[in-house]
Amino acid sequence: MVSFRVAGPSEYLAITGTGIKEIKIAKKSWIFPGQVCICFDISPESYSFRVQAISSDNVTFVLPAVLTIGPRTDDVASLEKYARLISSQDKNSCKEHVKEIVKGVIEGETRVVASTKTLGTIFHEPKIFNNEVVEHVQKELLPFGLLIYNANVRQLVDERGIGFVSTAGIKMQQERANQAKVEVAEETMKGDMGVKEREGHMSQYAAKVDTETKIYTKQRLGELQKEEAKVTMEVKLFENEREAEVAKANAELAMKKAEWERQTKMEQVEATKAVQLRDAELQIEVERKNAARQMEMLKAENLTKAKVEYQTKMRESEWELYNKQNAASAALYEQVQAADGCRATAEAALFESQKEAEGELYSMQNEAKALEDLAKGESEYLKSLMEKFEGDYNKVRNYMMVDKGVYEEIAAINADMMRSLQPDIRVMNQ
């Protein structure tokens, strides 16, 4: 089955099998069928050893050491070497296996290095010996992908029954103590001799300084007098030069002041002219804007008056038209009523005349037929007008009133009525 493996923070995965040439080192990876994956720890381990060695002068000693060793994590090739080293071991025996290898390397390299040096050299130069041991051990651990992270090599220890190391230590301490005593005695002697020499030197130096001081005082007094005269002359020359420079500076200052005053006055005049010119420009701009504002006000006022007059005239025209329409409607209604009355009268007269005169029947029938044709024609005429004005009765009525001259008659009637009333109309302008 396909699975996905992820190593821990201090672990790596070593994968071999199908699709992998030798070995693959990764922190996380898919594991496919035909592949084998092991997870190994890369945490460094500390190993303590007591290595027994023999120096070149055939003295046996014990070298205690504590080394912190682990796989080299910054190199993939080293991780592959370490994975091959522990691949045949289980987790429990892995550390022991690495420990045995490291122990064998340390013992072998320590004995090789010790065989080239005497015990005295090893004892008196332990740092050089320890560095050589660590370097040789590191070279031998590289094929296994291991790195020494820390090395702590302790002091030499005597083998049982042999006290050379402890005797050498006592001897070295005694030599150091004797050397310290000699150095103290030499320093004390140097101090006493220095004190005596210092006192003699001080006496000689004091006499020398006293003599030199007297000579120096007389020489210095003459030099001071010469220096004083020289300084007096130089002071006078300096004062004269300063007075000339001051006079010249005053003259230049006066000229510069005059120039500055002239420039200042010119700048003030220019500034005044500029201010006046700016005031004039601003005044012209203000007058221009006032004129534009007054023009806009006049336009607005005239426009308002024109609108008021137009609306007034429109209201008056609408009122007159309304009155004329009402009067025309009334006149038309009266004409229609009159026509209806005439028709009724004619029919009554015709009915009565039928009983009275048979001779007049034919003529009356003709008159009735003519009236019927006239009414039919008027009906057809009204019907055509209604179709023409799309059934709008008001438009038809207005057209007939205009055609019959009803509006002119209404206007004449209204004029006569107004003349008869004699109205006193006054127009007040505010």
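Me: What share of the 430 residues in the protein is buried?

Reply: The model is a predicted one. Buried residues make up 19% of the 430 residues, where buried means under 20% relative accessible area. The protein exposes about 32,900 Å², and carbon and sulfur atoms supply 56% of that area.

Me: What makes strand S7 largely enclosed by the rest of the structure?

Reply: The criterion for a buried residue is a relative accessible area under 20%. In S7, 12 of the 12 residues are buried, so the strand is largely enclosed by the rest of the structure.

Me: How do you know that S7 pairs with S6 and with S8?

Reply: Two strands pair if at least two bridges are found between them. S6 and S7 have 10 bridges in the antiparallel sense, and 7 bridges join S7 to S8, which also run antiparallel. S6 and S7 form a hairpin with 5 residues between them, and Asn58 in its turn has a positive phi of about 60°.

Me: Why are S3 and S5 called edge strands?

Reply: The open sheet has 3 strands in the order S3-S2-S5, with antiparallel pairing. Strand S3 (24-26) and strand S5 (35-41) each pair on one side only, and they are the edge strands. The twist averages 25° from one strand to the next. S2 and S5 pair over 7 bridges, with Glu11 opposite Asp41 in S5. Helix H1 lies across S2, S3 and S5, at about 100° to S5.

Me: What makes the set that includes Ile25, Phe40 and Val98 a nonpolar core?

Reply: A nonpolar core requires buried residues of the nonpolar kinds, joined through side-chain atoms within 4.5 Å. The largest such set has 38 residues, and Ile25, Phe40, Ile69, Val98, Val102 and Leu141 are those with the most contacts inside it. Elements that give two or more residues include strand S7 (60-71), helix H2 (91-114) and helix H4 (126-141). H2 gives the most, with 8 residues. Apart from this core lies another, of 6 residues, among them Ala7, Leu13, Ile20 and Ile31.

Me: Which residues is Val98 in contact with, leaving aside its neighbours within four places in sequence?

Reply: Contact requires heavy atoms within 4.5 Å. With those neighbours left aside, Val98 is in contact with Tyr47, Tyr82, Leu85, Ile86 and Leu146.

Note on methods. Residues numbered from 1 in each chain as written. Predicted model: local features only at pLDDT ≥ 70, side-chain atom pairs only at ≥ 80, totals over all residues. Heavy atoms only, no water. Buried < 20%, exposed > 50% of the residue type's maximum accessible area, 1.4 Å probe, protein only. Areas by Shrake-Rupley, 256 points an atom, 1.4 Å probe, with all protein chains shown as cover. Helix = DSSP H or I, 4+ residues; strand = E, 2+ residues; numbered from the N terminus. Axes fitted to C-alpha atoms, helices over the stretch in contact; angles between N-to-C directions.
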